Amino acid sequence: MDKKWWKESVIYQIYPRSFCDSNGDGIGDLNGIRKKLNYLHELGINVIWLSPVYKSPNDDNGYDISDYQDIMDEFGTLKDFDELLKEAHALGIKIVMDLVVNHTSDEHPWFIESRSSRDNEKRDFYIWREPKDGHEPNNWGSCFSGSAWEYDDKTGMYYLHCFSKKQPDLNWDNPKVRDEVFRMMTWWCDKGIDGFRMDVISMISKVEGLPDGKPDETTGFGGLENTTNGPHVHEYLKEMNQRVLSKYDIMTVGECAGVTIEEAKKYASLDGSELNMVFQFEHVGLDYDEHGKWTTKRMSLKDLKRNLSKWQNELEGKAWNSLFFDNHDQPRIVSRLGDDSPLSAKAIATVLHFMKGTPYIYQGEELGMTNCPFGSLENLRDIEEINAYDALVKSGKMTAEELMAGIEAKGRDNARTPMQWDASENAGFTTGQPWIMVNPNYTVINAEAELKDENSVFHYYRKLIELRRNSEWSDLIVYGNYSLTDDNSDEVFSYTRELDGRKLYILCNMTDRDIDYNTGITDKNGKAVLISNYAETDLRESMKLPPWFAAAWEIQK
Ligand code: GLC
Ligand code: CA
């Protein structure tokens with residue numbers, strides 16, 4: 001058992017824009033977060049991952065940074081940040097920063113210089129190429145629709161942007177870029193922050209020569225295979241580790257789109273040479289279809305079980321998993337996997353929070369916040385959704401109704417509606433006009449009501465966190481070996497965890513129906529219940545599981 005604090009932590013992601021607005025301008029801010037630290041302390045988490053708070057023109061809500069060492073005007077000041085860090089630390093809560101260094105904003109001074117002339121000293125900070133036969137240098141598509149290349153009149157060349165054209169990709173092959181990034185990271189570490197979540201870090205090294213990718217059937221653009229897990233990515237992360245990370249007691253998690261198990265073992269190797277954990281995305285792609293994410297298709301439980309179990313088993317002893325269903329890029333899991341009910345929210349939480357790895361909770365997940373009925377284009381804010389509308393509906397590839405159904409099922413704005421604090425106007429998020437619509441169900445689903453109700457989703461999460469962090473089962477939950485007990489059922493998710501002769505059995509009915517189920521566990525096994533979303537928790541060999549039944553027991557081996 002190689003004990004580490006970040007393996008024993010529960011992390012809570014804050015999307016500051018939508019968390020809490022302290023000054024009535026309709027936008028969440030740092031002082032709003034400060035007001036809610038006690039709430040997070042009561043929930044019991046011990047690490048906050050803060051989505052970007054840096055200076056940004058907000059083309060992609062802060063993931064387009066124009067100054068890495070200052071705070072976005074709407075969010076406050078560096079002084080507010082220092083106060084937040086101090087107050088969080090006083091409560092035993094660490095703060096992990098979002099590190100967005102695959103690209104900057106086009107308004108970052110480096111890019112302004114870079115685009116100013118072909119021989120500017122910052123020219124090679126970004127990826128510039130000559131037109132090819134009067135066109136884009138290759139067929140790569142942006143993750144936000146359209147080409148990944150933007151032509152710049154001034155110097156007659158194209159620059160690469162894997163995301164929006166206001167997010168030019170940095171050229172990591174240039175050692176001066178790495179120097180600047182590592183200097184900036186050191187500045188934050190010296191301030192006392194506790195780690196980094198690294199945005200699309202698997203994309204920092206592009207395939208040599210930038211060859212065309214395999215064209216996507218719907219969009220015609222080349223895929224991401226030449227931009228992810230590129231030839232030098234591990235070399236650059238090892239360098240980052242040696243020059244910055246290894247000097248501090250911090251945690252790191254890399255967002256690694258397109259990562260395979262083999263790659264993950266390198267990124268998050270337990271030898272500590274690169275990062276502590278990766279986010280992989282296979283399980284949240286199981287309900288995509290041939291056109292990608294814009295579909296109402298639901299995932300099969302069997303696929304989900306097999307996928308999560310594969311990651312549990314194959315990283316065992318080699319690398320460390322991060323456990324998540326929700327984040328600011330994903331629809332709400334209680335709508336995606338459940339039926340919007342509190343019971344289903346608890347069952348889903350049970351499945352995730354007893355697995356091996358470090359769990360991440362996204363703001364509002366602990367309340368069972370659901371997807372939002374946006375209804376029309378004017379209610380959308382996300383550049384990915386808005387660009388998809390232009391690319392797919394205007395070109396006739398999808399009808400407006402089809403795309404809106406896809407957006408309401410999978411769009412990122414579902415995660416970005418304001419945090420539901422109470423039943424007052426605008427869910428208590430702001431006294432002004434919120435920057436994005438509030439989910440109309442805030443009168444029922446909100447923190448104030450749930451804090452008062454000991455059977456709420458909030459208190460269920462609180463207990464899950466307490467079991468993991470501070471109970472006689474903590475070591476077993478954090479370090480025990482995982483084993484899926486039933487590979488076949490498309491209705492029930494059950495598995496065990498084992499450590500030093502002790503064993504947990506986790507059983508969840510992932511449907512809204514009664515299910516007859518044979519657990520294979522006899523009376524002789526002896527059992528103590530750790531948690532359940534039902535009052536009746538007798539574990540027997542043959543059981544009728546009520547809708548969304550979930551429980552965890554300690555059983556005899
Ligand atoms: C990551 C972020 C996402 C952002 C993108 C570009 O995937 O999580 O929100 O749009 O990178 O920075
Ligand atoms: Ca504000």
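The following conversation goes through selected features of a predicted model.

Biologist: How should I read the numbering, and which residues count?
Modeller: Residues are numbered from 1 along each chain as its sequence is written, while chains are lettered from A and ligands numbered from 1 in the order in which they are written. As this is a predicted model, local features need pLDDT of at least 70 and side-chain atom pairs count only at pLDDT 80 or more, whereas totals for chains, interfaces and linings use all residues; side-chain values use heavy atoms, with hydrogens and water left out.

Biologist: Where is Asn533, and is it buried or exposed?
Modeller: Asn533 sits in the loop between strand S18 (527-532) and strand S19 (542-545). Helices (H or I, at least four residues) and strands (E, at least two) are DSSP runs, numbered from the N terminus. Asn533 is buried, because its relative accessible area is 11% and buried means under 20%, with exposed over 50% and partly exposed in between (1.4 Å probe, protein chains only).

Biologist: Which backbone oxygens does its side chain reach?
Modeller: A polar atom of the Asn533 side chain lies 2.7 Å from the backbone oxygen of Trp548, and the side chain also reaches the backbone oxygen of Leu343 at 3.4 Å. A polar contact is a pair of N or O atoms within 3.5 Å; within protein, one must be able to donate a hydrogen and the other to accept it, and residues adjacent in sequence count only if both atoms are side-chain atoms.

Biologist: What else does Asn533 touch?
Modeller: Not counting residues up to four places away in sequence, Asn533 touches residues including Lys346, Ala347, Tyr460 and Phe549. Contact means heavy atoms within 4.5 Å.

Biologist: How many residues of H10 are buried?
Modeller: Ten of the twelve residues of H10 are buried, among them Lys346, Ala347 and His353.

Biologist: What span should that helix have?
Modeller: At 1.5 Å a residue, helix H10 (residues 342-353) should span 16 Å, and its end C-alpha atoms are 16 Å apart, which agrees. The expected span is 1.5 Å times one less than the number of residues.

Biologist: Back to S19. Which residues are on its covered face?
Modeller: Met543 and Leu545 form the covered face of S19, and Ser542 and Lys544 the uncovered one. Strand S17 (residues 515-518) runs antiparallel to S19, joined by four bridges, and Tyr517 has Met543 as its bridge partner. Two strands pair if DSSP finds at least two bridges between them.

Biologist: What is the order of the open sheet, and why do S6 and S7 lack a neighbour on one side?
Modeller: The three strands are ordered S6-S8-S7, with antiparallel pairing. Strand S6 (128-129) and strand S7 (149-152) stand at the edges, each with a single partner strand, so one side of each has no neighbour in the sheet. S7 pairs with strand S8 (residues 157-160) over four bridges.

Biologist: New topic: how much space lies in the largest pocket?
Modeller: About 1500 Å³. Of its 47 lining residues, the closest to the centre are Cys143, Leu224, Tyr288, Lys293 and Glu384. On a 1 Å grid over the protein atoms alone, a pocket is an open set of points with protein on both sides within 12 Å along at least five of seven lines, and a cavity is a set where a 1.4 Å probe fits but cannot get out; lining residues have an atom within 4 Å of a point. Grid points are joined across faces, edges and corners, and a volume is the space filled by probe spheres set on the points.
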